[in-house]
Amino acid sequence: MPHIAVVGSGPSGVYTAQSLVQPGGLPGARVDVLDRLPCPYGLVRYGVAPDHEKIKSLQGTLRAVLQDERVRFLGGVEVGPALPPAKVLELYDAVVYCVGAAADRRLGIPGEDLPGSWSATDFVAWYSAHPDARDEGFVRGVRTAVAIGVGNVAVDVVRMLARGAAELMPTDMPQAALGALAASEVRDVYMVGRRGPSQARFTTKELRELGALPDTELIVEEAESALDGGYREPAGLPAAARRNVEVLRGWAGRPRRGAAHRIHLRFFLRPVEIVEGRGRVAGVRFERTRPDGLGGVSGTGTYEEVGAELVLRSVGYRGVPVEGLPFDAVRGTVPHAAGRVLRGGLVSPGEYVAGWIKRGPTGVIGTNRPCAKETVASLVADAPALIGARSARDPLEGLVAAGARPVEWDGWRAIERAEAALGASLGRGSVKIQDWAGLLGAAREDRRA
Ligand SMILES: Cc1cc2nc3c(=O)[nH]c(=O)nc-3n(C[C@H](O)[C@H](O)[C@H](O)COP(=O)(O)OP(=O)(O)OC[C@H]3O[C@@H](n4cnc5c(N)ncnc54)[C@H](O)[C@@H]3O)c2cc1C
């Protein structure tokens, strides 16, 4: 019976498992889905914003796959120095790496490491209760925040900063983050792009949500935005950009009404320095840019400073190498051909990739489904040469012998129950546990019961 390891239980890992066991997949396949975290679902649990309940509910679809009798979730198992890829390949007929690309890109400007300057990834991890997250006191003492970047993740963090506690209360946000955001005095939030409104990467649905936030006004500077020809004349733009521009034009020039929160959407500003004051962030210095006529921008030599106590950079994600797996440091992905891992340019038999670590951090959750299918098609085509070479033992025995202490499905369900109980004790729905000890304690408690 072919036994396949999928490393990573985010969307690409779960879609890979699904493609392997469903008709047209690998006949008779058993799939172990390994994850370094004791909790499944990757960024659907630890990235998608807590107030995006409809997208979060995708966890239900992923769950059905992990509960399939041919699929086994093994959380708390990290492939890396202690469990190298070569060892995993010994235990399984094939291994599919779906480890994501959740590290942030840096700006490469002075002041980036000052206290108060964080990546959006750090901030998202904190409000999503990722057990590796640190509480950096993100919003303490902050009146003005700047998000650098104009993609959907930037929109998420801006929205979180402007949302009131009453709206976040029904979500599964960890109690500490909820308390900190409830006590926050953030009033002004800037979202800043170096190019024009028609080139912004956010989607219209996410953009519109900002306009629907209670007691919040949107500020778009007409003269600045109109440097963009697509903003002035949206008719010729691709549909998605045109819709964005129409929403922004609807907000431009609106009279101020003194709302509790102000969201400033700023364009044609390139960050050149995070400015320091009293040992921490005091603002961001931007160079004004203008369209260069080739789709990019060029600097103008004029500068503007926005005072702020918090800076969140949100200029993209990149993959993190897994020790023992090849890695293209420029693209931040594992080199592959149709999902087959390449070592030194040659196909490495039995090793595959899918998801963000395969194609880079782009696309929505659904994009990972065809990506996983392509990889599984390669694996199925290669299967005659792969299956049967390993020992017939259950690979779980080998993982345990190698020192792993997997959290299986019952352990994860115990975490879910502990989170429901925590929420009930706080008068809330399910509330996420935010630390390793709490998660592992809940998972192992079940084993003792
Ligand atoms: C902040 C944020 C918000 C987003 N919001 C949305 C949204 O609202 N809607 C939408 O459609 N898309 C959204 N996306 C995009 C979506 O989350 C991604 O398309 C998707 O999660 C990528 O799937 P993946 O499986 O490749 O990676 P991931 O979801 O990152 O999953 C990777 C998994 O691999 C595990 N792992 C990593 N390294 C190892 C290792 N060495 N050993 C074992 N396990 C390992 C991780 O713990 C993780 O569980 C968002 C992305 C981000 C960053």
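I365 sits in the loop that runs between helix 14 (356-359) and helix 15 (368-386). In this predicted model, I365 is partly exposed, because 19 other C-beta atoms lie within 10 Å, while a buried residue needs 20 or more.

**Around I365**
- Leaving aside residues up to four places away in sequence, I365 touches P11, V44 and L58.
- G10 is 355 residues from I365 in sequence, yet their C-alpha atoms are 9.3 Å apart in space.

**The largest nonpolar core**
- This core holds 127 residues, and V96, Y97, A147, V157 and V158 have the most contacts inside it.
- Helix 7 (residues 152-162) contributes eight residues, the most to this core.
- Domain 1 (3-102 + 319-406) and domain 2 (105-316) both supply residues, so the core lies between them.
- If you zoom in on A147, you will find contacts with residues including A120, A154, V157, V158 and L312, not counting residues up to four places away in sequence.

**Helix 17**
- Helix 17 (residues 409-425) has 17 residues and reaches 24 Å from its first C-alpha to its last, close to the 24 Å expected at 1.5 Å a residue.
- Its buried residues include G411, W412, A414, I415, A418 and E419.
- Seen down the axis of helix 17, the buried residues fall within an arc of 155°, so they line one face of the helix.
- An α-helix has 3.6 residues a turn, so residues three or four places apart point the same way.
- D410 and A424 are exposed on the other side of helix 17.
- After helix 17 comes G427, with a positive phi near 70°.

Conventions: Residues are numbered from 1 along each chain as its sequence is written. This is a predicted model: local features need pLDDT of at least 70, side-chain atom pairs count only at pLDDT 80 or more; totals for chains, interfaces and linings use all residues. A nonpolar core is a set of buried Ala, Val, Leu, Ile, Met, Phe, Trp, Tyr and Cys residues joined through C-beta atoms within 7 Å. A residue is buried if 20 or more other C-beta atoms lie within 10 Å of its own, exposed if 12 or fewer, and partly exposed in between; C-beta atoms are placed from the backbone. Helices (H or I, at least four residues) and strands (E, at least two) are DSSP runs, numbered from the N terminus. Domain bounds come from an automatic or database domain assignment. Two residues are in contact if their C-beta atoms, placed from the backbone, lie within 7 Å. The expected span of a helix is 1.5 Å times one less than its number of residues. The arc is that of the directions from the helix axis to the C-beta atoms.
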